[in-house]
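Look at the model first, residue by residue if need be. The questions below each ask for one value or one name.

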Amino acid sequence: MHYGFVIFIIMTFVSFIWDHHRKFFYIFPLSACVLVIRMVYFLSSEEKRYIFRGLLSRSRSLGVSGDWRGWSWDHPPLLSPYDDVFLTLSEVASKYCVTGRDVYLKRVERIKYVPNKRMVRGSVLHAVVEEVITFAKKFLYSNGVVSGSVISSELSAIALDEVRKIFSRFSQLISSAQYTEKEKETLFSRSVNLWLYEVNQISAAVDAVLARHPHVSLDSLVNLAIPIVVEQRLDGRFLGLSGDLSADALSFAPVILDLKTGKFRDFQRLTTTGYALVLEALYEVPIDVGVLVNVNFNEKNYPIITRRPHLISESLRMEFIEERDRKMEIVAEGSDPGISSSCPLDCPFYSICHGD
Ligand code: SF4
């Protein structure tokens, strides 16, 4: 059993929330109740109240049938219709290509594609958030209990170097996506600002924990101030998905978070739904809430973070499984689903489908 999940289980048994409607105490993870912080992945107290007293309370009254929980992967409707086809979660959940021809071209015709600017920007910003959170944890474990200001000055000082390293890791993709020098500079400046934003929020979270628990142990400080596991690897094969999925962020609360950059799209809820099904299949605990975290930037390149919590409802689960089955059939049968009626101009397969 994964370490983070053990903590999740333990923390599930340590706090209680009063349900006004049912006049009943519910048990909730401690992490849901202790901090008021605004890192990319962390929820404010208002968001937590909305999730735990609003969404979760609604999920209990609406209910999700056991057949649509991930642990029912061994019988229909969740049972994978093909034993030898495994899709990535984004192949199932992405609806930029409405017909699914992108999956056909990639998996059946085996056409190599060049990621577009939107994809490259997403990868770079994901890497920034992953790196800064990992650095903060590493710094704390190497230096012991220190104040937020120490973390802030150390991690701010390395911002430029670390973002440069991320850019050099992605340099091939950045140039093949044909970023202009100006666009590259903008992305660089946004990446640095996102790094600094995260550093400030982590530092504030550390100080908030220290002020509240002055004798906190190091391990507890890390887990209270940064209660998140980034890029958690998950095996989705029970559900016909890849054996090496990577969830953006798992909180110790029963919530799955997914980071999106750019414009919010309704279908992005399928990503959080897919991860919830996989987690339910792996650990046999219900996951009822997903949070889409959208990172945008203002004209000064400062980050604007919008979080959209949503229920992992039965209808979203049905939609995800329908998409999985439809796209699996495309791959298994090798059947071309045809050109979509609304192709984004930046689709990496645009020239294949529409000619140059
Ligand atoms: S160009 Fe259109 S049909 Fe072709 S893969 Fe892209 S979105 Fe799909």
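Q: Between which helices is the loop that holds Gln178?
A: This is a predicted model, in which local features need pLDDT of at least 70, side-chain atom pairs count only at pLDDT 80 or more, and totals for chains, interfaces and linings use all residues. Residues are numbered from 1 along each chain as its sequence is written. Helices (DSSP runs of H or I, at least four residues) and strands (runs of E, at least two) are numbered from the N terminus. The loop with Gln178 lies between helix H9 (171-176) and H10.

Q: Near what value is phi of Gln178?
A: Most residues other than glycine have a negative phi. Gln178 is a residue other than glycine, yet its phi is positive, near 60 degrees.

Q: About what is omega of the bond that joins Pro76 and Pro77?
A: Most peptide bonds are trans. The bond that joins Pro76 and Pro77 is cis. Pro77 itself sits in the loop between helix H3 (45-62) and helix H4 (89-93). Omega of the bond between Pro76 and Pro77 is about 5 degrees.

Q: Are H7 and H10 roughly parallel or roughly antiparallel to each other?
A: The axes of helix H7 (residues 148-157) and helix H10 (residues 181-212) come within 8 Å and cross at roughly 165 degrees. Axes are lines fitted to C-alpha atoms, for helices over the stretch in contact, with angles from 0 to 180 degrees between N-to-C directions. Angles under 35 degrees count as roughly parallel, over 145 as roughly antiparallel, 65 to 115 as roughly perpendicular and the rest as oblique. H7 and H10 are therefore roughly antiparallel.

Q: How many residues in the contact of H7 with H10 are charged?
A: Residues are in contact if their C-beta atoms, placed from the backbone, lie within 7 Å. Among those that meet are Ile151 and Leu155 in H7, and Val199 and Asp207 in H10. Ala, Val, Leu, Ile, Met, Phe, Trp, Tyr, Cys and Pro count as nonpolar, Asp, Glu, Lys and Arg as charged, and the others, Gly among them, as polar. The contact of H7 with H10 has seven nonpolar residues, six polar, and, as for charged ones, one.

Q: How is H6 oriented to H10, roughly parallel or roughly antiparallel?
A: The axes of H6 and H10 are 10 Å apart, and the two helices pack at an angle of about 30 degrees. That makes the orientation of H6 to H10 roughly parallel.

Q: How many nonpolar residues are in the contact of H6 with H10?
A: On the H6 side, the residues that meet H10 include Val124, Leu125 and Val128, and on the H10 side they include Leu187, Leu194 and Trp195. One polar and two charged residues take part, and the nonpolar count is twelve.

Q: At roughly what angle do the axes of H6 and H8 cross?
A: Val124, Ala127, Val128 and Glu131 in H6 meet Glu162, Val163 and Ile166 in H8. These residues divide into five nonpolar, no polar and two charged. H6 and H8 are oblique to each other. Their axes come within 10 Å, and the crossing angle is roughly 135 degrees.

Q: Which strands stand at the edges of the five-stranded sheet?
A: Strands pair if DSSP finds at least two bridges between them. Five strands form an open, mixed sheet in the order E3-E4-E5-E6-E7. Each edge strand has a single partner, so one side of each is left without a neighbour in the sheet; the edges are strand E3 (228-234) and strand E7 (303-311).

Q: Which residue in E5 stands opposite Leu250?
A: Strand E4 (residues 245-251) and strand E5 (residues 255-261) run antiparallel and are joined by two bridges. Opposite Leu250 stands Ile256.

Q: Which helix gives the largest share of the shell around the ligand?
A: The shell (residues with a C-beta atom, placed from the backbone, within 6 Å) includes Cys97, Arg101, Asp102, Leu105, Tyr350 and Cys353. By class it has eight nonpolar, two polar and two charged residues. The largest share, three residues, comes from H5.

Terms used: Contact = placed C-beta atoms within 7 Å.
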